[in-house]
Each structure stands twice: as C-alpha cells, then as structure tokens.
Amino acid sequence: MKIQQGLLKFITRTNWVLLCIISISGYFFASHRFATGLISGGLIVTINFHLLYKTLKKSLTPPHLASHNVVLAKYYARFMISGFIIFILISGHYVNPLGLFIGLSVVVASIMIATILEFKKLIFKEAT
C-alpha cells in the first residue's frame with residue numbers, strides 16, 4: 001500500500017508541476033488563446049483527477065463503502081460537466097483546440113513519467 005500512496009502523491013505533484021511548466025511556457029512562447037487552452041485543459045483534467053481520487057477514497061474506505069452505481073454516477077456527472085466546459089471553450093473560440101488537447105494530457109504525462117521512473121527503479125534494483 002505504501003508504494004501506491006507514493007505513486008499517487010508523485011502523480012498528483014507532477015500534475016501541478018507540469019501544469020505550471022506548460023502554462024508558463026505557453027504564455028512566453030505561444031499565443032494567448034493557445035496558452036489559455038493549455039491552462040484550461042490542464043485545470044480540467046487535474047481537478048477531475050483529484051475529484052476522482054476523493055470519490056474513490058471516500059467510497060472504498062470502511063465503514064462508508066458505497067455502491068459502485070454511486071461511484072459511476074459521480075464519474076459520469078463529472079465527465080458530462082467536463083465535456084460541456086470543453087464544448088463551450090471550443091465553440092466560443094476562447095481557446096486553441098490544440099492547446100486544450102495538450103493541456104488535457106497533463107495527467108497522462110504524469111502517469112507516464114511515474115511509470116518510467118518505477119521501471120527505472122525496478123531495472124536498477126534487479127541489476128544490483
């Protein structure tokens with residue numbers, strides 16, 4: 001359980017670090033709409049990640065075990081709200097869609113970084 005908590009903490013921190021890095025880089029090296037897309041996408045996905053964590057932690061810790069239907073309902077509600085926000089951002093031309101897409105990839109990038117680092121630890125542990 002300790003390893004999973006460490007990975008979760010690493011991914012959560014890396015989400016915010018990557019969001020800050022791409023946001024600052026976006027404002028220095030890209031247009032305002034592109035940078036706004038980066039920030040908007042990053043915030044949407046990072047907040048969803050935190051809300052999913054809270055929902056799962058709350059519903060899977062005894063004695064407050066929740067039905068899987070409740071967890072799925074909350075998940076789909078967040079999904080629909082996120083989709084509506086993304087629709088408004090793109091249809092209103094508030095953000096660049098490519099910037100939004102890159103921003104939405106923040107959590108995936110964090111998970112990939114965590115996976116690579118864990119594989120690296122595993123490989124070097126076996127080599128010694």
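Guide: Ala, Val, Leu, Ile, Met, Phe, Trp, Tyr, Cys and Pro count as nonpolar, Asp, Glu, Lys and Arg as charged, and the others, Gly among them, as polar. This is a predicted model in which local features need pLDDT of at least 70 and side-chain atom pairs pLDDT 80 or more, while totals for chains, interfaces and linings use all residues. Residues are numbered from 1 along each chain, and side-chain values use heavy atoms, without hydrogens or water.

Visitor: What makes up the lining of the largest pocket, by class?

Guide: Ten nonpolar, three polar and one charged residues. A pocket is an open set of points on a 1 Å grid over the protein atoms alone, where a 1.4 Å probe fits, with protein on both sides within 12 Å along at least five of seven lines; lining residues have an atom within 4 Å of a point. Here 14 residues line the pocket, and V45, N48, Y75, F79 and S82 lie nearest its centre. Helix α3 gives the largest share, six residues.

Visitor: Which residues lie closest to the centre of the second largest pocket?

Guide: Q5, L8, Y53, L56 and K57, out of eleven lining residues. Elements giving two or more residues are α1 (2–29) and α2, with six from α2, the largest share. The lining divides into seven nonpolar, three polar and one charged. Lys counts as charged, so K57 belongs to the charged class.

Visitor: Why is residues 7–28 called helix?

Guide: Helices are DSSP runs (H or I, at least four residues), numbered from the N terminus. Residues 7–28 are 100% helix and 0% strand (E, at least two residues). Residues 34–54 are also 100% helix.
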